[in-house]
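Colleague: I am new to this model and would like a close look at one part of it, the surroundings of a ligand. Please take me through it slowly.

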Amino acid sequence: MPQSIQLMSLRQCEARQASLGLWDPFIILIALSVGTFRDLPIYTPPTLFCDESIAIIGGGTGGLGALQVILEIQHQKNLNWEVVLYEQRRGLGGVWLEDLTPPSPPTLPESPLYPSLRTNTPHPTMTYLDFPFPPGVNLYPSHEHVHKYHLTFADHFNLHPYIHLRHNVTAATWVGDDTTGHWNLRIHREAPPSARILEQTTVFERSFDHLVVASGHFRYPNLPQWEGQDEWLANTPPGTPKREIIHSIFWRDSLKYKGRSLLVVGGGSSGRDVVSNVAPVTKTVPRVESGFPVAGAIVKPRISYFTRDAVHFVDGTSASSVDSLVVATGYQVRIPFLEDGGALVVDPKARSTNTSTTFPQPRTPLTTNLRYVRPLYKQILSLSTEFPPNALYFVGLPVNVSNAPSDQAQAQFVAHTLADPTLLPSRLDLLSELEEWEELLRKHGYDPDHMGHATVDLVGNDESRSAYPDDVLDFLKARNVEGLPLHGSGARYTEDWRRRSGLTRNLGVLRNAWAQVESLGQKQTEEDWASLLNELLDSIGAD
Ligand SMILES: Cc1cc2nc3c(=O)[nH]c(=O)nc-3n(C[C@H](O)[C@H](O)[C@H](O)COP(=O)(O)OP(=O)(O)OC[C@H]3O[C@@H](n4cnc5c(N)ncnc54)[C@H](O)[C@@H]3O)c2cc1C
Ligand SMILES: NC(=O)c1ccc[n+]([C@@H]2O[C@H](COP(=O)([O-])OP(=O)(O)OC[C@H]3O[C@@H](n4cnc5c(N)ncnc54)[C@H](OP(=O)(O)O)[C@@H]3O)[C@@H](O)[C@H]2O)c1
């Protein structure tokens, strides 16, 4: 299909005004004459004179949570903002929206979701604040429920008018310097299949004052390469299944592995799910390369190298019967539209160094070493020397947190610092705080460049894993920001029951108790979960 390029060099608010005068009647005419074209911006409430324009990129848990909070604070403070969310896919929900026609490798599917996926966390711990799953949903729901939950959230808060589906942001470029400027976004707009127009893809540019990146980080496979693997792949013995190595992002069903001998690399959630799904059908018990036991598999140490006949492990053992590898080694933190726009440098060798006291200040561009985007304040705010501190925010980077409430806490930070930029100390002060935090991690034996955005437990209390959102809110509390959602005791952001869910060592007991009441058809709501959790933790004297 032909592409048309519409270049708008106007700033976003001005572009809206121009588009009202120039483009919208044209678009409405097309829509009326050729059928529904739901994703065109004709349904966006026009903001004629906005003070700030904010683009959120990504319509998953993070982007939707951010949009809801930003709109709420905009409304509370009566701010004149234009807020737009761009989502490249056909619908909302991010990883929870299935790719119905997953391509063959190496083309990446839109989501790693596989048909048998259920959550590995109880759904009450996955909810946005005050927005529970409907009563009766299984404690570990299947992906369809989680997807539906996100749609219900978007409906309930009337987010759709601000969302543009099938809008792929392909480049974000900062036009300006470290004190002033704007983002120029290049966007590919794909028409829905139902659209009866000649042009399927339109490329246009829009400018925004601020960018909130919520584009997820489970999309770009981390795929190790081993010496000799190509030779091994090329030498399938006669009469045996064709040898294969795929990343877990491509894994969909078990039947393909019927009669095969499988080695799974990586014992994270993906690796464990692959093992439990395929174990009943494989020819041999699956082997998994993992640092800890995985039920249903023989645990092997790391792969050392391949020969044409076998996989060799670092302990000197080898496996000649293996014919398939599923490499479940996680994902790289990549943000192609920032990379292509020159705002993010990719350097796998990048290491954190302290520069806040160096004079003159060295250039510190935003960099990803594929695990860690740096320098970011509280994993949210870019401290790059290339643009002003509140030009670029991230939502959803932290790992090992309950995403939805954490995303909303981050969005509180975003919205309040956008509403009142004087809340932000200087870039150097924030950088110095980041460096102190990284130093503290090193003292506790963690390497910040390796652990990336994983939150850690520095005080030996599992609860501290759920402390991240409160740490974010503490920044705002310390600056006397009013109207913060503080639902926990002691004016904490995190509700007590949610915080106590972080006491993971007790979760097994709770799970069993819940399974029993579920089977009796009794307690089923988030409130019930909270009270059961409190009862159980109180009974064993946990804090
Ligand atoms: C297989 C799997 C299972 C999981 N299970 C659980 C679980 O049980 N419990 C749990 O708590 N967490 C789980 N997680 C973690 C889960 O990813 C988070 O809970 C959360 O849903 C992530 O949301 P997100 O919005 O940050 O990212 P995503 O869901 O990845 O959403 C990002 C969105 O941004 C869009 N986007 C990206 N780039 C662009 C662009 N250039 N232009 C426009 N749009 C763009 C994407 O299309 C996507 O819709 C799981 C993750 C995976 C991969
Ligand atoms: N049922 C579910 O709900 C479900 C299912 C799948 C995924 N998920 C979620 O999806 C996200 C991604 O999970 P994931 O399992 O794909 O990735 P992951 O959590 O990053 O786990 C990847 C694993 O591979 C290991 N690894 C990395 N490089 C390796 C190498 N070169 N050789 C051997 N091992 C290597 C890692 O160990 P090191 O850390 O030591 O490097 C880690 O154990 C997580 O948030 C997870 O919870 C959830």
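Which atom of ligand 2 does a polar side-chain atom of Ser 270 lie 2.6 Å from?

Modeller: A polar side-chain atom of Ser 270 lies 2.6 Å from an oxygen atom of ligand 2, a polar contact being a pair of N or O atoms within 3.5 Å. This is a predicted model, in which local features need pLDDT of at least 70 and side-chain atom pairs count only at pLDDT 80 or more, while totals for chains, interfaces and linings use all residues. Residues are numbered from 1 along each chain as its sequence is written, ligands are numbered from 1 and chains lettered from A in the order in which they are written, and side-chain values use heavy atoms, leaving out hydrogens and water.

A nitrogen atom of ligand 2 lies 2.9 Å from a backbone N or O atom of Arg 118, and a polar side-chain atom of Asp 273 lies 3.1 Å from a nitrogen atom of the ligand. The protein covers 68% of the 910 Å² of accessible area that ligand 2 has on its own, with areas taken from the Shrake-Rupley method with a 1.4 Å probe.

Around ligand 2 there are 20 residues, of which Tyr 114, Arg 118, Asn 120, Ser 270 and Glu 289 come nearest; a residue is near if one of its heavy atoms lies within 4 Å. Helix H5 (residues 269-278) gives the largest share of this shell, 3 residues, helices being DSSP runs (H or I) of at least four residues.

Tyr 114 and Trp 251 are both buried, that is, under 20% relative accessible area (1.4 Å probe, protein chains only).

How values were computed
Buried < 20%, exposed > 50% of the residue type's maximum accessible area, 1.4 Å probe, protein only. Polar contact = N/O pair within 3.5 Å; in protein donor to acceptor, adjacent residues only side chain to side chain. Helix = DSSP H or I, 4+ residues; strand = E, 2+ residues; numbered from the N terminus.
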